[in-house]
Amino acid sequence: MKSLQIPVVELPKETEVLRKEIRQFIQQEIESGSIEPKCDCWLSGFSAEFSRKMGERGWIGMTWPKKYGGRERPSVERYIVTEEMLAAGAPVSGHWIADRQTGPLLLKFGTDEQKEFFLPNIAKGECFFAIGLSEPNAGSDLANIQSRAVKVEKGWVLNGSKIWTSGAHVAHYSIVLCRTSSQDPNNRHAGMSQLIVDLKAPGVTIRPIYLMTGEHHFNEVFFEDVFIPDEMIVGEVGNGWAQGMAELAYERSGPERILSTYPLLNELTNLLIEKGDKRGLNQVSRLISRLWTLRNMSLGIAQLLEEGVPSNIIASLVKDMGTQFEQEIAEITRLLIHVNPSMDSESRIERYMAQSILQSPGFTLRGGTNEILRGIIAKGVIQS
Ligand SMILES: Cc1cc2nc3c(=O)[nH]c(=O)nc-3n(C[C@H](O)[C@H](O)[C@H](O)COP(=O)(O)OP(=O)(O)OC[C@H]3O[C@@H](n4cnc5c(N)ncnc54)[C@H](O)[C@@H]3O)c2cc1C
C-alpha cells in the first residue's frame, strides 16, 4: 500500500500582517452593515459589491501573473485570504469558482486571448463563472453526460442541459463539459471538450431550483442551439475529461471543505466560554484539534498544487474527512446547548444553526460524493 505524503507548511511570520488586514476589512464591512456573515458563505453568500471590493484589494487571482491582473503572491497568502473569509462567513460565492478553478484552468490550458480577456476581469471581481458538469443522468457517473456540441463554420452549436448549477443565475459564464464527438463504448472519457459559455447568449435558459430554505442557489441550465465561437473552446477539442480532472484537486482540497460551518463553531465556543461550561468545552476542543489537523492537510495540498504535484487522492481524503467534520458541528452544537434554529432569528447562533442544518446535507455531495471519493482513495492507495 502506498503511503500518502503531505508536507507540513509553516506560515511565514509576515503573513500575520495580511491576516490582520483582512480581519480589519471584514470587521468594517460588518459594522457598516454592508455584509451579513453566514454559514456556507462560499456557496450561499453572494454580494457582487463585496467581490468587487476584494478585487480592488488584490485578493482574487492573487497567485496569478501580474500581466493577467494577478499579484504573483505565494499560494499560502491566497490560503489565508480564503480561510479568513470563510471563518468570518463573508459573502464570497460570486467570485469563488472563478478564483478557485476557472483561473487556474485557463492559466494551464487557455489561449493567450482567453487569458488576456478573462483573467483580469476575474481578478477585479467582476467576472463570475459557474461549473457546468452535472446532468440529470450524469452526477457521480459524469462520463455519461449527453450535452453535445456539433462543429459548424467558425464555432460549435451546443444542445443539452445541466443541473444543480450553483450560481448560474448570477454568473456571467460557465465552463461546460460536453461531447464533441460520438460516444466511444471502449473509452467513455474520450470525445469530451470544455467550452466557455456566455450565460446571456441566445438559446441559454436558466431555471431556478429552490432549496428547502427557500433560497435560490441552484439552477437547471438549458442549451438550445447555442453558438459557441471557436475561440471559446478551452484547451484541445476532445481533451475535456483530462482537463476537467486537473481541476478537481483545486476543487476538493481547499479550506471550504472544512470551514463551511466555522461561524457556528466559533459562536458555540464563545457561548460555552461565557457560561464556563467545561464539559461542553471539552467536546469543542476535540473538534478544534480535528480542525487543526484537517487544516494542516489542506495547507499541505495547497503547497503541492503550487509545485505541480498531482494531488487528487489526498484532496479526496481531505474532502471526505473535512465535509463530515463540517456536518458534525451542527450536531454537536445541538447536543451541547439549547437552541431554536431559525433563519430569521435575531440571535446569531440560531441563524447559524438553521443555515448549517439546512445546507449540510449538500456538503458530502457537492464536488463528488463521499462514496465516490472513498473509491478514489482506495484505488489510489492500493493500486499505486
Ligand atoms: C450544494 C450542491 C452544489 C452543487 N453544485 C454543482 C455545480 O455548481 N455544478 C455541477 O455541475 N454540479 C453541482 N452539484 C452536483 C453534484 O456534483 C452532484 O450532486 C454529485 O456529483 C452527485 O451526483 P448526483 O446528484 O447525480 O447523485 P448520484 O450520482 O445519482 O448518486 C446518488 C447516490 O448514490 C451514490 N453512488 C453513485 N454511484 C456510486 C458508486 N459507483 N459507488 C457507490 N455509491 C455510489 C452516491 O454516492 C450518492 O449517495 C452540486 C450539488 C450540491 C449538493
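**Close-up 1. Gln359 and its polar side-chain partners.** In this predicted model, the side chain of Gln359 makes a polar contact with the side chain of Glu215, at 3.1 Å. A second polar contact, at 3.5 Å, runs from the side chain of Gln359 to that of Ser44. (Polar contact here means a pair of N or O atoms within 3.5 Å; within protein, one must be able to donate a hydrogen and the other to accept it, and residues adjacent in sequence count only if both atoms are side-chain atoms.) Gln359 sits in helix α11, residues 348-359; helices are DSSP runs of H or I with at least four residues, strands are runs of E with at least two, and both are numbered from the N terminus. With a relative accessible area of 10%, Gln359 is buried. (Buried is under 20% relative accessible area, exposed is over 50%, and partly exposed is in between, with a 1.4 Å probe and protein chains only.)

A quick note on reading these views: residues are numbered from 1 along each chain as its sequence is written, and side-chain values use heavy atoms, with hydrogens and water left out. As this is a predicted model, local features need pLDDT of at least 70 and side-chain atom pairs count only at pLDDT 80 or more, while totals for chains, interfaces and linings use all residues.

Close-up 2. Of the 17 residues around the ligand, the ones that come nearest are Ser134, Ser140, Trp164, Thr369 and Glu371; a residue is near if one of its heavy atoms lies within 4 Å. Domain 2 (131-239) and domain 3 (254-381) both give residues to this shell, so the ligand lies between them. The domain bounds come from an automatic or database domain assignment. By residue type, the shell divides into seven nonpolar, eight polar and two charged.

**Close-up 3. Polar side-chain atoms at the ligand.** Ser140 has a polar side-chain atom 2.6 Å from an oxygen atom of the ligand. For Ser166, an N or O atom in the side chain is 2.8 Å from a nitrogen atom of the ligand. Thr369 places a polar side-chain atom 2.6 Å from a ligand oxygen atom. Taken alone the ligand exposes 970 Å², and the protein buries 63% of that (areas by the Shrake-Rupley method with a 1.4 Å probe).

Close-up 4. Glu135 and Lys162 meet through their side chains in a salt bridge, 2.9 Å from N to O. (A salt bridge is a side-chain nitrogen of Lys or Arg within 4 Å of a carboxyl oxygen of Asp or Glu.) Glu135 belongs to the loop between β1 (129-132) and β2 (148-152), and Lys162 to strand β3 (residues 155-162), 27 residues apart. Glu135 is buried at 7% relative accessible area, and Lys162 is buried at 2%. Asp99 pairs with Arg78, their closest N and O atoms being 3.2 Å apart. Here Asp99 is in helix α5 (residues 93-109) and Arg78 in helix α4 (residues 75-88), 21 residues apart. Asp99 is buried too, with a relative accessible area of 6%.

Close-up 5. In the salt bridge between Arg290 and Glu328, the closest N and O atoms are 2.8 Å apart. Arg290 lies in helix α9 (residues 278-306) and Glu328 in helix α10 (residues 312-336), so the pair ties together parts that are 38 residues apart in sequence. Arg290 is partly exposed at 33% relative accessibility, and Glu328 is partly exposed at 29%. Elsewhere, salt bridges that share partners join Glu16, Arg19, Arg23, Glu83, Glu84 and Arg295 into one network. A search of the whole structure finds 24 salt bridges.

Notes. Ala, Val, Leu, Ile, Met, Phe, Trp, Tyr, Cys and Pro count as nonpolar, Asp, Glu, Lys and Arg as charged, and the others, Gly among them, as polar.
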